[in-house]
Amino acid sequence: MEFKKLIEEIESTDEFKQWKKNHPDFYLAHAFVMKDQDNETWNIGYYDKKTNKMETIVKQGSQISFVPEQEILKASQEILPLNPEEVKITPEEALENAKECIKENYPKEPVLKHFFIIQNLEGATVYNITYVTQTFKTINIKVSVTDGKIIKHSCEKLADFK
């Protein structure tokens, strides 16, 4: 689903409108997606800078639910608003570009699972995609939401076992 339409769908519900009346200072901060073969679950985070709290709206299929607000750890970077208008490419396009990056740069790292978050990092809105590999590593790829170009990629060990 197109990200902008997803946000419009959520924010047009009566449940969201009622929630927003009670949470006027919260703004859209991120969208975390966990995908498996059968399901796609979106966790849409709304953040209040004054209280340093995040509330998450979970959308699975046509159902939405609200996770009560939680205080978050102090981030090393400011949590910036996420503008759905900036997201021009679909998650599928971003994931396809990330797969190409893995083929080119990490061909010997068999991927087990992946997840991604759409967020504003260092002033740029990106698909921040993380893959967990069979070799106990993570591959992280940042993809531009506007043109699908790879901004940055890295591969790190999950942990050093001794």
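Guide: Asn52 has a relative accessibility of 12%, so Asn52 counts as buried (under 20% relative accessible area; exposed is over 50%, partly exposed in between, with a 1.4 Å probe and protein chains only). This is a predicted model, where local features need pLDDT of at least 70, side-chain atom pairs count only at pLDDT 80 or more, and totals for chains, interfaces and linings use all residues. Residues are numbered from 1 along each chain as its sequence is written, and side-chain values use heavy atoms, leaving out hydrogens and water.

Visitor: What is the phi of Asn52?
Guide: Most residues other than glycine have a negative phi. Asn52 sits in the loop between β2 (40-48) and β3 (53-60), strands being DSSP runs of E with at least two residues, and helices runs of H or I with at least four, numbered from the N terminus. Its phi is positive, near 55°.

Visitor: Is Phe136 buried or exposed?
Guide: Phe136 also has a positive phi, near 60°, and belongs to the loop between β6 and β7 (137-144). Because its relative accessible area is 51%, Phe136 is exposed.

Visitor: In what order do the elements of the chain run?
Guide: The chain has three helices and eight strands. From the N terminus on, the order is α-α-β-β-β-β-α-β-β-β-β.

Visitor: What radius of gyration does the chain have?
Guide: The C-alpha atoms fill a box of roughly 50 × 35 × 30 Å along the principal axes. The globule rule is 2.2 Å times the number of residues to the power 0.38, with the radius taken over C-alpha atoms. For 162 residues a compact globule would come near 15 Å, which agrees with the chain's 17 Å.

Visitor: Which elements give two or more residues to the lining of the second largest pocket?
Guide: A pocket is an open set of points on a 1 Å grid over the protein atoms alone, where a 1.4 Å probe fits, with protein on both sides within 12 Å along at least five of seven lines; lining residues have an atom within 4 Å of a point. Gln77, Leu121, Glu122, Ala124, Val126, Lys142, Ile151 and Lys152 form this lining. The elements asked for are β6 (124-133) and β8 (150-157).

Visitor: How much of the chain is made up of buried residues?
Guide: The count is taken over the 162 residues in the chain. Buried residues make up 40%.
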